Amino acid sequence: MTEVKYNVIGLMSGTSLDGLDIAFCRFSVDNNVWKHEILNTQTIPYSEHWKQRILSLEKADALSFQQTNMDYGHYLGGLVSDFIIRHTIKADFVASHGHTIFHQPEKKLTVQIGAGSAISSRCNLSVVCDFRTLDVALGGQGAPLVPIGDKLLFSEYDFCLNLGGFANVSYNLLSPSGEGLGERSRIAYDICPVNIVMNAIAEKRGKAFDENGAMAKEGMLSGYLLNEFNQLGFYKMLMDSPKSLGKEWVIKHINPIIELYEISDEDLLRTFCEHIAFQIGKSLKSKPKGKVLVTGGGAYNQFLIGCIKQHTEHEIIIPDNKTIEYKEALIFAFLGVLRMRNEVNCLQSVTGASRDNCGGAVYTANT
């Protein structure tokens, strides 16, 4: 079989609203073996205007919501166009995650803004977007979507752990004999909040985030607060069951607990780091020891990584900076490739949907 190559721009905007990640990626496949390379990257921080506009959408009227959806799409398309000019690249298409405003799979509802039609009109490239809604319509969580990329692009690792707005993990199920259970054996789920909570605490002190965990390192652990976090109902669900978290869950369950405690920001960050590490350790505890690839902004938090190492005997591996920062943008580019090939890009074993599916709306550019 002849090797096939794809050059794709992946866009990712996470729940922590720290900026838009753009990654120009190259994929090749030969005899069902995938290879990848991250060629050019850029993170564009959101202006205060865009932050406030996106944050206000949850309570906006329908017309304002749709106007922002279109305006944000045009904004993304303009950034892609600038990125192409700056790096003198030629892409086959764009794959955009969009920015999540609502994620309530129990109501069969998930919404990511950033109209694909608007993106395409600005950069004159075909666009794949809206990756989650089909899976949610099929009864799935619509998240996490990254595991198919973990399985096909990062198979040399036993576990892929992302520390972004939320912590999530993916890995292959094993039979009692230790052998894989087949193509659809990938398991993945959200573990707990990470940067969506910690960045909000740091922002109260005028910082975008707690660099290297310096503030947390100065804090004292609150055993009472830690116990309150760990007793939340989400953490009592079956360990390997499809489950996902969103900002709504943080607002409803985490924020009220934090508001009850009059402790310093340092103590709060220290305690939340311990909470994250405890939940990650618990989720990996019963699994055979292996290599854990850690990506996402939390991989730079040295104090948090130290806490995690204290709660697990698995080998924690921190990769190169491009992989840490742009793995999600890379994988959404890859999900776009699978969509264009009409191949499965969302696994029912991960999301709990009624079947594997190939999600994503395609807007074809006039070339």
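In helix α11, which spans residues 302-310, the buried residues are Phe303, Leu304, Ile305, Cys307 and Ile308. The model described here is a predicted one. The elements that cover the buried residues of α11 include the strands β8 (159-163), β11 (291-295) and β12 (315-317), together with the helices α6 (195-203), α7 (214-218) and α10.

Nonpolar side chains tend to be buried together in soluble globular proteins. The largest nonpolar core of the model comprises 47 residues, and Leu163, Ile254 and Ile280 have the most contacts inside it. The most residues in this core, eight, come from helix α10 (residues 265-284). When neighbours within four places in sequence are set aside, Leu163 touches Leu304, Ile305 and Ile308, and its other contacts include Val194, Ile280, Val294 and Ala299. Leu304, Ile305 and Ile308 are among the buried residues of α11.

Aromatic pairs number 15 in the structure. In one of them, the ring centres of Tyr72 and Tyr75 lie 6.4 Å apart with the planes at 35°, so this pair is classed as tilted. Both residues belong to helix α2 (residues 62-87), where a spacing of three residues separates Tyr72 and Tyr75 by about one helical turn. Residues three or four places apart in an α-helix point the same way, because a turn takes 3.6 residues. Tyr72 is buried, with a relative accessibility of 0%, whereas Tyr75 is partly exposed at 22%.

The charged end of Lys243 sits over the ring of Tyr189 at 5.3 Å from the ring centre. For Lys327, the charged end sits over the ring of Phe154, and the distance to the centre is 5.5 Å.

Several backbone features fall in loops. Ala143 and Pro144 are joined by a cis peptide bond with omega near -15°, and Pro144 lies in the loop between α4 (133-137) and α5 (147-153). Asp130, a residue other than glycine, has a positive phi near 55°; its place is the loop that runs between β7 (126-129) and α4. Asn212 likewise has a positive phi, near 60°, and is located in the loop between α6 and α7. Asp130 has a relative accessible area of 33% and is partly exposed, and Asn212 is partly exposed at 37%.

Note on methods. Residues are numbered from 1 along each chain as its sequence is written. This is a predicted model: local features need pLDDT of at least 70, side-chain atom pairs count only at pLDDT 80 or more; totals for chains, interfaces and linings use all residues. Side-chain values use heavy atoms; hydrogens and water are left out. A nonpolar core is a set of buried Ala, Val, Leu, Ile, Met, Phe, Trp, Tyr and Cys residues joined through side-chain atoms within 4.5 Å. Buried means under 20% relative accessible area, exposed over 50%, partly exposed in between (1.4 Å probe, protein chains only). Helices (H or I, at least four residues) and strands (E, at least two) are DSSP runs, numbered from the N terminus. Contact means heavy atoms within 4.5 Å. Rings of Phe, Tyr and Trp (its six-membered ring) pair if their centres lie within 6.5 Å; planes under 30 degrees apart count as stacked, over 60 as edge-to-face and the rest as tilted. A charge sits over a ring if NZ of Lys or CZ of Arg is within 6 Å of the ring centre and within 35 degrees of the ring normal.
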